[in-house]
Amino acid sequence: MNTSTNAATTTIVYDDKTVRRFMIASIIFGLVGMLVGVIAAFQLNFWQMNGKFLEYITFGAFKSEGVSFLTFGRLRPLHTNAAIFAFVGNMMFAGVYYSTQRLCKCRTASDFLSGLHFWGWQLIIVAAAITLPAGLTRGKEYAELIWPINIAVALIWVVFAINFFWTLAKRREPNLYVAIWFYIATIITVAMLYIVNHLSFPTSLTHSYPVFAGVQDALVQWWYGHNAVAFFLTTPILGIMYYFMPKAAGRPVYSYRLSIIHFWALVFIYIWAGPHHLLNTALPNWLQTLGMLFSLMLWAPSWGGMLNGLLTLRGAWDKLRTDPVIKFFAAGVTFYGMATFEGPLMSIKAINQLSHYTDWTIGHVHSGTLGWNGFMAAGMFYWMAPRLWKNNKGTDGGSVLWRESWANMHFWIGTVGILLYVASMWVSGIMEGLMLSATNEAGTTLRHDFVTVTQAKHVMLLFRGFGGLLYLAGFIMLAINIFKTIRMSSPVEASAEVPADASPEQDSARGLGLIFRNDPVTYSFWVIIFVILWLFLPDGMDIGALIIACGLSVQAIWIFTRNPGRWAELYDSLEKNWVPFTVLVFIAAALGGAVQIIPTVIAQKGEYMDDRRQILYTPLELAGRDLYITEGCYNCHSQMIRMLEGDILRYGKSELTDKDNNKLDGGYSRIGESIYNRPFQWGSKRTGPDLAREGRVRSDVWHYNHMVDPRMNPGSIMPSYHWMIDKKTDIKALPGKIAVLSKLGVPYEAMTEDVIEDNAKLQALGIARGLVANEVVLPKDLEDMDDEAAIASALAERQIVALIAYLQKLGAYENVENKDVTAPSLTNPDNKHAESE
């Protein structure tokens, strides 16, 4: 029995079994994610870590230049997904299930849904751990999972949402505490972000193309990517902060009013800031400016939340010396403040020129994930463990950790690890940005080639790896400490005496009506509408919209000053009604995305391009592009030349020609040059050089040899992709892929399946003949063949030929204003953009 009734009160038993499950899962997957991260970090120092090391540790029994599922391009998505969805995700669910039951004074609505949520989420994580190293990916950061897994994620998220909101409906506490606000924002906004960014058309059980393309896909991806950080890694952890920090400190939250401002400002502003990931690119300038301005506005609510958390410890600072839980919470909130100061700083265009595509961004991300998420998780685990498992080993008869000294040691090891990691990335990133953009005094030539810059970072990358290793060591101490605590204890289900009936004030019909007919919501709505009109209306009319918005703001302030108590009463009513509260959260979060995405989707189409338009990939080039994504090349290479002198000098020259044999102008990347790319490949980090104009810069033979043995380029840290000369290209899948792309609006001409396959084979054969004629290293199964024609025919089937075809197409476009320049016929690969050398 979970409840017992006594007159006006009832005793309930909380579902702490689910909390324990999520907590243990978070610790296990956290160890896995961090271990993979450490391996990936050292791969950037030692290329042998991509699989060659197996030859060393087996004393030559296993001979290989590398292993496909151990390359950086495959492991990096595994690391990020494990850290976000497995480690932080499970930690978040543990905190939400624990605190929500106690804040609502009722047991979770459904034990079945709780169990389904737990096991469903773990199966999703296992599926991701299998598919990502296998190269099954969508090729979008933090959104790599293939479409069947994405459907499972959405369904399990719905299970979580139903269970959560059902629990709110059953609650016996009328007011929604601040932590619940952040949980509501997380559930609603993550669902919206995940569904929109993962809209895809499948071509098979393991492959799909996104609905959006080019600049649309870039904008939607970073609307999702930035706000996945906001609403998966930030808002739920803020809710956990608002519950667990006061509990650990034995003090109330510093300021209730500040928490209101913190919450609503964060929910509304955060969603607009995604475009700051695309500054100085081909993204329309108004979106870049909008993203930068809203990012700068984030300073206020973010630091308001940080101060609210730290000042909650007032009167309890003495515990900081002895209590490891307080140590972790205080440091975690401080790292939150550091990361949310640095993020807006890096969104300023002038600073972003230096930081983007460099290690500085990596350091920024990890100061948040390791310091904020990791330390908040550690503090919560250390606080919950003695309460979820009882042992009566304390001096007062209460439960304790196995070793509190280990928890303190974990804190110091973890802190040193974070600081070593972040500081090395700051130094590396700033140095990298300065060296890559450095020119001679005349500004006509670059001072450093890419390999020189890579070698200059070597020491800093080593420090980064050791910092990650220290952090992992600290987390291993946590895992041992928690599991030793479990072994010496017994699991318990906490109980509490609560009111037998729900309050008549909560979720009332009157409250529903009152929420949507009140001054704060009305004025906020119309001010936002007129500010949006100011952004989009033509000259003259835009000033009128701005004046109206300012006038409404002044009037709202005047009304508030006359009767502030009424506004407080309205918010008190909102706190007691979860349905209108949730609707308002959705509106606040959805508005920014709609304003940014809808105009871009409508306007940025191929037929509207007035400058350059991408030339379509031939079937073989399309197959090569999919292989490029499979191998995770987007993790190291960008395909976006920014409107910066250093980028243009280094990457802007084009070696491709149009149909009249005139060399293309090249220069910085334009919107139209990637308008049909699904997914977009603008990238976020340049561990290797940009490839936007790679076509014909190097020969087919060079690409072949480089993929097999990158050490032909001294100083290269790229792994070998020797298996691509052995594996065959899936030509049979091309008709289905082209059919899906055609449905999505890519203007392919009508072709039968036979024509598509013959086209791919013919182009591949042309490339293979050139490779054989230049006596490249052949796959072992072709070494004993004597007939060059037969060798070329067999080599043409291999993946490396398709990849070369794709690389040689990069940067091909047509000048739209020149009507004589048209896309080449796909049924005739004998054109400058497709033929082999």
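How many salt bridges does the count come to in this structure? The count comes to 28 salt bridges, and the model in which they are found is a predicted one. The legends below describe close-up views of this model.

**View A. A salt bridge between Arg102 and Asp16.** Side chains of opposite charge can pair when their charged atoms come close. In this view Arg102 forms a salt bridge with Asp16, and the closest N and O atoms are 3.0 Å apart. Because Arg102 belongs to helix H3 (residues 72-104) and Asp16 to helix H1 (residues 16-43), the pair ties together parts that are 86 residues apart in sequence. Arg102 and Asp16 are buried.

View B. The side chains of Glu432 and Lys685 meet in a salt bridge with an N to O distance of 3.6 Å. Glu432 is part of helix H15 (residues 404-437), while Lys685 sits in the loop between helix H24 (645-651) and helix H25 (700-708), so this pair ties together parts that are 253 residues apart in sequence. Glu432 counts as buried because its relative accessibility is 1%. Lys685 likewise counts as buried, at 7% relative accessibility. Through salt bridges that share partners, Asp359, Glu432, Lys457 and Lys685 are joined into one network.

**View C. A salt bridge between Asp690 and Arg686.** The side chains of Asp690 and Arg686 meet at 3.4 Å, N to O, in a salt bridge. Both residues, Asp690 and Arg686, are buried.

**View D. Two aromatic pairs.** Across the whole structure, a search finds 53 aromatic pairs. In one of them, the ring centres of Phe160 and Phe164 are 6.4 Å apart and the ring planes stand at 55 degrees, so the pair is tilted. Phe160 and Phe164 both belong to helix H5 (residues 147-170), where they are four residues apart, about one turn of the helix. Both Phe160 and Phe164 are buried. The rings of Tyr336 and Trp372 have their centres 4.7 Å apart and their planes at 35 degrees, so this pair is tilted. It links distant parts of the chain, with Tyr336 in helix H12 (residues 324-346) and Trp372 in helix H14 (residues 359-388), 36 residues apart. Tyr336 is buried, with a relative accessible area of 2%, and Trp372 counts as buried at 3% relative accessibility.

View E. Phe232 is placed in the loop between helix H7 (214-231) and helix H8 (235-249). With a relative accessible area of 3%, Phe232 is buried. Phe232 and Tyr183 are 49 residues apart along the chain, and their C-alpha atoms are separated by 9.8 Å.

**View F. A nonpolar patch on the surface.** Trp286, Val531, Trp534, Leu535, Phe536, Ile543 and Ile547 form this patch, which has about 600 Å² of accessible area together. Helix H19 (519-536) and helix H20 (541-562) each supply at least two of the patch residues, and H19 gives the most, with four. Phe536 lies in helix H19. At 39% relative accessibility, Phe536 counts as partly exposed.

**View G. A patch of negative charge on the surface.** Gathered in this patch are Glu775, Glu783, Asp784, Asp786, Asp787 and Glu788. Asp786 is found in the loop between helix H27 (753-773) and helix H28 (788-795). Asp786 counts as exposed because its relative accessibility is 73%, and the cut-off for exposed is over 50%.

Key: Residues numbered from 1 in each chain as written. Predicted model: local features only at pLDDT ≥ 70, side-chain atom pairs only at ≥ 80, totals over all residues. Heavy atoms only, no water. Patch = residues over 30% accessible without salt bridge, like charges linked within 9 Å, V, L, I, M, F, W, Y side chains within 5 Å. Areas by Shrake-Rupley, 256 points an atom, 1.4 Å probe, with all protein chains shown as cover. Salt bridge = Lys/Arg side-chain N within 4 Å of Asp/Glu carboxyl O. Lys, Arg positive; Asp, Glu negative; His and termini not counted. Charge placed at Lys NZ, Arg CZ, Asp CG, Glu CD. Buried < 20%, exposed > 50% of the residue type's maximum accessible area, 1.4 Å probe, protein only. Phe/Tyr/Trp six-rings, centres within 6.5 Å; stacked < 30°, edge-to-face > 60°.
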